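Please take a moment to look over the sequence and the model before reading on, and keep both in view as you go.

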Amino acid sequence: MLTKYFLFALVYQLHFCEYVSAARSCPVPKMLENGEMHATDFKFGNVVYYNCIEGYILKGLNRSTCLSDGTWSDQQQSCEPVQCPPHTPLENGKINLHHTGRSNTASVFGDMIVYECTKGLALIGNETGFCLANGKWTNAPQCKEVKCGFPPKIVNGFMVFALKISYNYRESIEYGCIANYILDGSRQITCEKTGNWTTQPMCRAPCILPIKRGRIFYNLEKIWIGDLPKKRILHKERVAFYCKNKQRKCGYPVLTQCIDGNIEIPSCFEEPSHFSYTFRSGSLPSEIAQC
C-alpha cells in the first residue's frame, strides 16, 4: 500500500514539474522609462530587478517574480523624477520657470528657471538655474547695482554727449572721430556687469601718398597725384600705382591699401622725373598700353 502511494506521488510530481517547466515561462517584462531592468531569463521562479537612472526615484517594488501561471508578480513599477522645492524668490528680480513639457506646476529634475533683474541692476551669477538630481536647485545669482566710471577718451576722437561722471549697468555712450579719421570698432560702448566698459573703438589715421609725381587709380578713376586733395586717402581705402613691364613695354596697376596712416608703395613703381612727368607724360606706365 505504501509503495503504491509512493509511486502515485512520484508520478504526480513528475507531471507537475513537466507541466510547470514546459509552458510556464513569463513574457518579457515591461521596460521602465528612465530606468533599467536586470534579469538572466524569464522562466518560472526567476526574478527581475529594477532601478532608475540618476534624477529619478523608483515607485513600487524593485523586483518581480515569474509565477507558475506565466505572469509576473508585480508590474506596477515606474520611475518618477526627483522633485525640487519651490525656489526662493530672487531679491530685486524675478524668476521664470520652464517646465519640461508638463502642465503641472511642480518642479522636477531637469526643469530650468531663468533669472531676471529689475531694470538698472546687474545679474551677478548664472542667468539660468536647474533642478538637480539631488532635489536641489543650482546656486542662485544676485541682482546688484553696478556703475562704470567716466568713459575712456580716444585719440583723434570725441565722446557724444558724455555728461555724467559715472554710468549704470547697460548705459551706453557713443564716439566719433575728427575729420579724415575713420572709426574702427563699435561706435557705441556699454557699461558691463563687471563695472568695465565694452571695448572702445579707435580713430584710424588717413594716409598721405608719399610721391610728388605720377598718376594713380583711385575711387574708380585715373587721377594725377596733384589733383588728389592733399594727396590723402582714408584708412582702409585702396589705391593703385602703375608699374611698367619693360619686356612687353606695357603698363599695369598694382593695388595697395592705407592702414591707420601707413601705406606701402609697390616696389615696382618708379616715380617719374620732373622732365618726364611734365613733357613726356604720355610715356608713363599709366598712359601707355596696358598689359
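The paragraphs below follow one arginine, its strand and a cavity.

This is a predicted model, in which local features need pLDDT of at least 70 and side-chain atom pairs count only at pLDDT 80 or more, while totals for chains, interfaces and linings use all residues. Residues are numbered from 1 along each chain as its sequence is written, and side-chain values use heavy atoms, with hydrogens and water left out.

Begin at Arg-215, which belongs to strand β21 (residues 215–218); strands here are DSSP runs of E, at least two residues long, numbered from the N terminus. Strand β21 is joined by 4 bridges to the antiparallel strand β22 (residues 221–224), and by 2 bridges to strand β24 (residues 238–245), again antiparallel. Phe-217 has Lys-222 as its bridge partner in β22 and Ala-240 as its bridge partner in β24.

Arg-215 has a relative accessible area of 18% and is therefore buried, a word that means under 20% (1.4 Å probe, protein chains only). Its side chain makes a polar contact of 2.8 Å with the side chain of Glu-287, where a polar contact is a pair of N or O atoms within 3.5 Å, one able to donate a hydrogen and the other to accept it, and where residues adjacent in sequence count only if both atoms are side-chain atoms.

A cavity is a set of points on a 1 Å grid over the protein atoms alone where a 1.4 Å probe fits but cannot get out, and lining residues have an atom within 4 Å of a point. About 60 Å³ of space lies in this largest cavity.

Technical notes
Buried < 20%, exposed > 50% of the residue type's maximum accessible area, 1.4 Å probe, protein only. 1 Å grid on protein atoms, 1.4 Å probe; cavity = no way out; pocket = protein on both sides within 12 Å on 5 of 7 lines; lining within 4 Å. Points joined across faces, edges and corners; volume = space filled by probe spheres on them. Pairing = 2+ DSSP bridges.
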